[in-house]
Amino acid sequence: MTVSTESNAPADAGASDDTTPAGHRRFGAVWLAAVLVFGLLVGLAIGLLGPRLTTPGDDSVEAGFLRDMSTHHAQAVEMSMIAHANSADPAVVTLSADIAMTQHGQIGYMQAWLRDWKLSPTSSAPPMSWMKDSAGSVQNGLMPGMATPAQLADLRKATGTALDVQFLTLMRQHHLGGIHMAQEILDESDNTDVTWLAESQVRGQQGEINLIDSMLKKLQAT
């Protein structure tokens, strides 16, 4: 599938500001962690509300998608927390917080639905086995768009503009992979919960790709 990345995002995504007090940055990290916990609890509560007339089985495409996307999201949260803690660019700090909170909350939905369906959050099936024609979609054990261990290690060591560019580049690729997975489950599932979540993921991540493109242009121009 081809994902459009045409950007209409505002060009003034934010300029670098190295003067943020250390105390404020520590407070920001604590605040973000608290919001992530709250978002996960809300996702769990909402996901458990309401009876289900029928529930997907252990080998269903829905269960496979929720398990794989939970793992996929977890890496996005990890990369976002690294950028949020170490970037000096307010636009990157804001975007990384938004991504971390959104995807952490969505993990809450997905894990709650699996529990509601009386299914394990993990499976012995290979990643992406729920998706038709998935051969080649997993490279070195990684699902579409996921960063390699070496790339994550480089991101943790990076500073300044190099950190911002690495984070935005990795997250753009990560979002493209996530959109591909979400579009596939939209083709294969009619479960209203799962399709609602997948549609919101496509919209949200496409919008963030547009913003990332504009941010990268500004960083690379300087």
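This briefing covers a helix pair, a set of aromatic rings and one loop serine. The model is predicted. A search of the whole structure finds three aromatic pairs. Helix 3 and helix 5 cross with left-handed geometry.

**Helix 3 against helix 5**
- Two packed helices are described by the angle between their axes and the distance between the axes.
- Helix 3 spans residues 90–116, and helix 5 spans residues 160–188.
- Their axes come within 11 Å and cross at roughly 35°.
- On the helix 3 side, the contact residues are Val-92, Leu-95, Ser-96, Ile-99 and Gln-103.
- They meet Asp-164, Phe-167, Leu-168, Met-171 and His-175 in helix 5.
- By class, this contact has six nonpolar, three polar and one charged residues.

**Aromatic rings**
- Phe-65 and Trp-130 form an edge-to-face pair, with 5.5 Å centre to centre and 80° between the planes.
- This pair links distant parts of the chain, 65 residues apart.
- Phe-65 sits in helix 2, while Trp-130 sits in the loop between helix 3 and helix 4.
- Both Phe-65 and Trp-130 are buried.
- Tyr-109 and Trp-113 form a stacked pair, with 5.8 Å centre to centre and 25° between the planes.
- Both residues lie in helix 3, four residues apart, or about one turn of the helix.
- Tyr-109 is buried because its relative accessible area is 18%, under the 20% cut-off.
- Trp-113 also counts as buried, at 3% relative accessibility.
- Tyr-109, Trp-113 and Trp-196 form one aromatic cluster.

**Ser-60**
- Ser-60 is found in the loop between helix 1 and helix 2.
- Ser-60 counts as buried because its relative accessibility is 16%.
- The side chain of Ser-60 reaches the backbone oxygen of Gly-57 at 2.7 Å.

Conventions. Residues are numbered from 1 along each chain as its sequence is written. This is a predicted model: local features need pLDDT of at least 70, side-chain atom pairs count only at pLDDT 80 or more; totals for chains, interfaces and linings use all residues. Side-chain values use heavy atoms; hydrogens and water are left out. Axes are lines fitted to C-alpha atoms, for helices over the stretch in contact, and angles run from 0 to 180 degrees between N-to-C directions. Helices (H or I, at least four residues) and strands (E, at least two) are DSSP runs, numbered from the N terminus. A crossing is left-handed if the near helix is turned anticlockwise from the far one by less than a right angle, and right-handed if clockwise. Contact means heavy atoms within 4.5 Å. Ala, Val, Leu, Ile, Met, Phe, Trp, Tyr, Cys and Pro count as nonpolar, Asp, Glu, Lys and Arg as charged, and the others, Gly among them, as polar. Buried means under 20% relative accessible area, exposed over 50%, partly exposed in between (1.4 Å probe, protein chains only). A polar contact is a pair of N or O atoms within 3.5 Å; within protein, one must be able to donate a hydrogen and the other to accept it, and residues adjacent in sequence count only if both atoms are side-chain atoms. Rings of Phe, Tyr and Trp (its six-membered ring) pair if their centres lie within 6.5 Å; planes under 30 degrees apart count as stacked, over 60 as edge-to-face and the rest as tilted.
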